[in-house]
Amino acid sequence: MFQTFHIENLETFPKALEKLLERQRKEIDGITKNSETSYHKVLKPLQDLDEELSLFFTPLSHLNSVMNSEETQKAYETSLPLLSKFSSEMAQNVPLFKKIERIRVDDTQRQKVLKNEIRGFKLAGIDLPQDKKKRLEAINLELSELSNTFSQNLLNATNAYELIIEDKNDVEGMPQTDIEAAKTEVEGKTVYKFTLQIPSYLAYMTYGPNREYRKELSKAYSTRAPENAEVIDRILALKQEKAEILGFKNYAEYALQTRDASSEEEVLSFLDKLADAALPQAKEELEELKAFAKESDGIEDFATHDVAYYSEKLKKKKFDFDDTMTKPYFEQRRVLNGMLDIVSELFGVTFKPAVVPTWHDCVKAFDIYEAEKLSGRIYFDLEARKEKRGGAWMHDWETHFVDAQGKEHLASAFVVCNYAPATETTPSLLRHDDVVTLFHEMGHAIHHLFGKCHERSVSGINGVAWDVVEFPSQFLENFAYEPAIIKRLGYHYETGEPIPDELISKIKETKNFQAALGILRQVEFSLFDFKLHQKLYQGEEVQALLDTIREKTALLKPPSYNRFQHGFSHIFAGGYAAGYYSYKWAEVLSADAFFACLDEREGFDKEKAKGYKRHILNNGGAQEMSELYEAWLGRKPEVESLMRLYEIN
């Protein structure tokens, strides 16, 4: 029924991939050359081949992210050119394209598949002369290699740095769990080791009492991987060249062809509108923070490396609250089970533990049932480890669809986070932020797992426009702040006492603490990314562009050594190029949908949630999101909902 997570042999993986691709080439050749022109005989088997390839390759790309080693890197790096060559051949198959253009369908899902296919061919340069096609193929191959180089440089730089603190006073006042995690022995002496891995880095930046060490850590973090400067120049040059070859004036215009947003102007005016709305309140938030740092510690030269530390202190003073107060109440296993119960109630499904092979012994798998019928599988890999890249993400594996033989396939997905692992004395405990992250990734997962389309290319998250793909994840994460929901997750890991009401109201109260500064930061990243892809920037011009944008968005000037772009893997290694604005674009949908489904007492309105599942989640990429949204609520989403969510006037 489901695939088994398993790789026979990493050394021989590229060879096995080559064999699979060779066989697929023959099958595609057969489809291309026969006389059939029906959807069922052309696009159906092609989608089956897509699924077969994805099932084979996903375990390796996943393993390279969660159990990174020299072997996985080697297998992955050897496989990339093979895949790139294969997809380029596919994209340049003129007879196949001509055949697909002749197909006629009357089913809406199939119409969308057909439309996407034709658009995909055109965006891959099917109509170009041979020399330009060759150039495009070379560009695509180099881009996939460069994004991998960018990631690897960043991972290596992150792993190469450590800050050893010998004086106990320099960790005083930090949460005990963070002190324990940092404690280590060097030459028989107890010292504290902090790294650039996110849990460790954030722990010191947020609670570390020594300002000089915070500055040092911050500098190390914001100057990581200087060699990525050259990688960035090359990526930008190739993307601009690619866009021009395809007849677009820049990469941003090219990227918007597959997005929900209709034009460059629409994106920029949307971001400017958000910045303008947030600016007045953001200025007040920063002034308050500076005044507080001055009053508490006489800080006259307030700097970026002070922000997290004094924000946390100010939050504690204003609300008598910090993240560590909630940590004992959010035990990882309990939170996971609680979240699964909530998703079950919201959407009428059940989760049952599945005993199946996985890549690490901390991974938990569950089978999903709808009306007693098996409908999907989900894997959770939630703890940080050295071989795992930082951050949190959802990775889809199998897809729900009906194949050319009429057989139904079920969906599966992986949810990956980087929570502090259990120690000998304490289980894995989460900050409330971590709970929010889990809900966010689960939102992505159910978007894929609840897909009910019969066509693979538009089922689950397939075919969903990039700038609305964050909508379901942000929608679900909003519930993690609701008192009715928090009550179901929060119990003290030692005493079993429920989380006090006072603490719950503090989570809610502090949710929008410095929200306007947060919005400005996201707008800064989004504007930088989008403008960076509107014309060619090279060398120092990249930093100059960022500096210009920061004149409006960065109310506190970052130090001159700050090279944020060298670590901006979302856009240089993660597919968000000219698309980082998507987070905020989708958030308008998610905020609007959230208020539509909110019930203060229960946490959610079950009837509305059913409609959300039926209209939005079940339909995946079968229609444009704006159409699905209107079909569900009978109206367009309102930007004001986002301001209401953040309590910005």
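Let's start inside a sheet: Tyr379 stands opposite Phe414 in E10. The model is a predicted one, and this residue pair is a handy way into it. Strand E6 (residues 373–383) and strand E10 (residues 411–419) pair in the parallel sense, with seven bridges between them.

Two helices meet these strands. Helix H16 (residues 432–449) packs on the sheet and touches E4, strand E5 (364–370), E6, E7 and E10. The direction of H16 makes about 165° with that of E10. H2, for its part, lies across E6, E7 and E10, and runs at about 160° to E7.

**The five-stranded sheet**

Stepping back, the sheet is open, has five strands in the order E4-E5-E6-E10-E7, and shows mixed pairing. Strand E4 (350–353) and strand E7 (393–396) each have a single partner strand and stand at the edges, so one side of each is left without a neighbour in the sheet. On average, neighbouring strands here are turned by 25° against each other, direction ignored.

How many residues of E5 are buried? Five of its seven residues are, which leaves E5 mostly covered. E5 and E6 form a hairpin with two residues between the strands, where Ala371 takes a positive phi near 50°.

**A separate strand pair**

Another hairpin is made by E2 and E3, with two residues between them; Glu187 in its turn has a positive phi of about 50°. Within this pair, Lys183 stands opposite Tyr192 in E3.

Here are the antiparallel pairs side by side:

| Strand pair | Sense | Bridges |
|---|---|---|
| E2 (residues 183–186) and E3 (residues 189–195) | antiparallel | four bridges |
| E4 and E5 | antiparallel | four bridges |
| E5 and E6 | antiparallel | seven bridges |

**Helix H4 and its surroundings**

Now for the helices. Which residues of helix H4 (residues 94–101) are buried? They are Leu96, Phe97, Lys99 and Ile100. Seen down the axis of H4, these buried residues fall within an arc of 160°, so they line one face of the helix. The cover over them includes helix H1 (13–33), helix H2 (39–66), helix H3 (70–91) and helix H5 (108–123).

Finally, the N-terminal end of H4 is capped by Asn93, with a side-chain oxygen 3.1 Å from the backbone nitrogen of Leu96. Leu96 itself is one of the buried residues of H4.

Terms used:
Residues numbered from 1 in each chain as written. Predicted model: local features only at pLDDT ≥ 70, side-chain atom pairs only at ≥ 80, totals over all residues. Heavy atoms only, no water. Buried < 20%, exposed > 50% of the residue type's maximum accessible area, 1.4 Å probe, protein only. Arc of directions from axis to C-beta. Contact = heavy atoms within 4.5 Å. Polar contact = N/O pair within 3.5 Å; in protein donor to acceptor, adjacent residues only side chain to side chain. Pairing = 2+ DSSP bridges. Axes fitted to C-alpha atoms, helices over the stretch in contact; angles between N-to-C directions.
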